[in-house]
Structure formats: structure tokens, C-alpha cells
Amino acid sequence: PDTRWIGVIAGMAIIGAWHLVWAAASGMETAIFCLLTLAIIALVWREQRDDLPRTVIAFVRRGVIFGVVAGLTILTRPEGALLIGLAGLALLIARPHMRWRDVITFGVVGALVCVIVLLPYLMYNYDLTGGLLPNTAAAKRMQSTPMFIVFSYPERIGLMLEPLVAGGQVVLIPGMIAFVVWAARRRDGLALALLPLVWGIGLILLYAAWLPLNFQHGRYVIPALPALIVAGVIGLAWWMQRARRSLIGRVFTRVIALSALTVYAAMLFSLGLAAYRLDVAIINEEMVASALWIEANLPPDELLVIHDIGAVGYFAPRPLLDIAGLVSPEVVPFMLDPDGMWNLMRARGGRYLMAFRNQIPGQDPNDPRLCVAFQTGGTAALRAGEGNMTIFRLAYDGICEP
């Protein structure tokens, strides 16, 4: 707190990370989840302040606030529960200016309020799916099954880290190491001080263990970045202050700081901007173009078998069998069984299939049951090393009529 401008610098480092800019512009929940995770860390960190009231009513009030934010965090993404657990454990270990009565009051109130916030969501999911989580959880888990067969756990950790190192945050790793040293010197609050690093690393380890999917620039582990960046900036600033007395230390720390600034700018306006442009072009040229063709050429009551439901659901709403399992949970048991998926498609009366080559059941675009009705011809997907989205008329007898 005694470092001038540290809050502004840390904030600029967060909003300048191209992964986070990409996530904010993507329309997904990533940005608000990042916000809420930082809010959780801030709420437990502030318990270290000397000027906070320490009455029972004050702890109840702060417990309510923590519980509401905790519930919203888990509502945004279920893995927010990991951060809530880590924050509660850190608070329990450190107990800054808190007696056991205070810790219990804060924790019990926070837990009850969190459950109250979550209860409607859990009841809705249970009524709709028979479980506490949406269908997407089981579908994504099934999609990732081959990763557990092919890669060991250390290799899966590497896969999750791979998209995250393409940015200025990698230059802040020395600052993160210095942050650990800084935290170790705060013996009374070590557990709380280390919370950002433990959360960021823990999220990556969790996904490597449960859902090792690193597509879309590591979108599932991008929320680890804000806390890690905060730790890196704080550690680097502290290290620069400590190194003032040494010429080598001053030069070394300033080189790191300038390198981070340079890499941040270069990544944001080159790699990050290019990645976002390419992703948007692929969506427009493949998903949106296919959806517009469907709207113009296929009957609105025709059952469509589809792997990517977003654009079609918006531009060409109609009955769908989602072979990605996001809105059709009955397909999940057959996601790794091409013959079973084909049988399900036939039993449901699917007449058309919209998919990329690697999304076709069996991944064989030359299957005689597939009759090409439309192919986008977009160039962006080809530049990314992918094929074009194709809409097939399904001929289950293997005969494509002209």
C-alpha cells in the first residue's frame, strides 16, 4: 500500500493483457468472473486493515457482503467455489485482528448468504437436468476424455499453460517470485498475502485435472491471469524498491519492467488484435454464414443436427439435435461412439447436419451418408488451418440423390 501508483499500475497491467481484452470483447462470462474473483480477494485482504470496526454487527455485515459476492462468483462459474474455499481457509489461518468468535461469525454468515444466493440456481438445475450443474458440464467433460488417455497430468498442465504464456504476463514471472518473498516476510499474514498466487495456480491445476481443454486462447484458465498479474506487479514494484541501493539490481529490475511494458504493448496491438480479428472472421464466415443459408433454404420445422448451436439458435431458430451435448444431453453417452451417434441421429429423424470436418461423427467427410448441400468457402478458417463449415443432407441409405 505504501508504493505510489501501485494500484493504477496493477490495474493498467490487467486491462492491458490481450487475453483479458479478447475475453471482454468475446461476449462470454470471463470478464465478470475475473472481476468477482478480484473482489473476493479484496474483501478478505481488507480484513487486515487496522481501522475496520470489530463488533459482532460489523462482522455480520461484512460476512453478508462476502457471501453475496461469493454466491455471484459461483453463479458465474462453478469453479469459483475453489477461490471461496481458499479465501476462507486463508482467513482462518491468518485471522487478522480477529478472534475465533469473529472468524466463526464472518464465516457462518458468509456461508449461509452464499447458499441463499445459490439456492434458486441449484433448484432450477436439479429440476431441469436432475443435477446441480448445467448439461454443459457433462458434455465438456466427455469432450475432454481423449485428453486423459493421451496426456499425463504434467503434460496437461503444460497444455493449459501454453496459451497463457503468449503475453506480457510471462515477463512478470520474476515479479511473482519476488511476491512470494515479500509475502514470506509478512509472517502474520502469509496465507492471505499468497491468496492471488495460490488461486491463479490452483485454477490452472484444477482444469488440468478435470477439463484440460486449452482452445480459444485458454479461455477456461484466462481468469487466473488477473490475480497472477496483480501478484507480479506488486512483487516487481517491491523488488525495484529493494534494489535501489545496488546498480546491478536497479538495472535488472528496470529492464524487467521495461520489457514487460514493451511485450504488453506488442502483444496487445499485434498478436491479440490479430487473434481477435481472425476469431471474429471465422465466426462470421463459417457459423453466421451457415445460419443465414439455413434460414433462407431449409424449412423452419426441419430437425437440424448441429455441433455449434450459437449462430443458428440466433439467426435460424428451429428444432435442433446438438451433438456437442450443450442443449441435448441425450447425446452425451454417444459423443465418443460414432455408430451410436449415427443411430441416434437417424432415430430422431435428423435430415441435415451442420459441422466442421472434425465434428462429424466418425470424422469422415467422405462418409456416403453425407451429401453436401452447402459449404461456406470462407478464407479465415483456412488461414487458421481449419476446414470450412459444411451443411450435409443426410442419406442414411448411402445414396446421394442429385
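**Entry 1: helix α2**

I started at the end of α2, where Gly27 follows with a positive phi near 85 degrees. I am working from a predicted model, in which local features need pLDDT of at least 70, side-chain atom pairs count only at pLDDT 80 or more, and totals for chains, interfaces and linings use all residues. Residues are numbered from 1 along each chain as its sequence is written, and side-chain values use heavy atoms, with hydrogens and water left out.

I took helices (H or I, at least four residues) and strands (E, at least two) as DSSP runs, numbered from the N terminus. I called a residue buried under 20% relative accessible area, exposed over 50%, and partly exposed in between (1.4 Å probe, protein chains only).

Which residues of helix α2 (residues 18-25) are buried? I noted Trp18, His19, Leu20, Trp22 and Ala23. I then looked up what covers them. The cover includes α1 (6-15), α3 (30-45), α13 (215-218), α14 (225-242) and α15. Contact here means heavy atoms within 4.5 Å.

**Entry 2: the disulfide**

Next I went through the cysteines. A disulfide is a covalent bond between the sulfur atoms of two cysteines. My cut-off was a pair of cysteine sulfur atoms within 2.5 Å. How many disulfides does this rule give? I counted 1 disulfide.

Cys371 and Cys400 form this bond, with their sulfur atoms 1.9 Å apart. The torsion about their S-S bond is about -90 degrees, so I logged the disulfide as left-handed. Cys371 lies in strand β4 (residues 370-375), and Cys400 in the segment after β5 (390-394), so the pair ties together parts that are 29 residues apart in sequence.

Are the two partners buried or exposed? Cys371 is buried, at 6% relative accessible area. Cys400 is partly exposed, at 38%.

Cys34 is in no disulfide. Its nearest cysteine sulfur is that of Cys114, 19 Å away. I found Cys34 buried, at 7% relative accessibility. Cys114 is in no disulfide either, and its nearest cysteine sulfur is that of Cys34. Cys114 is buried as well, with a relative accessible area of 9%.

**Entry 3: Phe269**

Last, I checked Phe269. Where is Phe269 found? I located Phe269 in helix α15 (residues 247-297). Phe269 is exposed, because its relative accessible area is 62%. I also took its C-alpha to C-alpha distance to Arg219, which is 19 Å. Phe269 and Arg219 are 50 residues apart in sequence.
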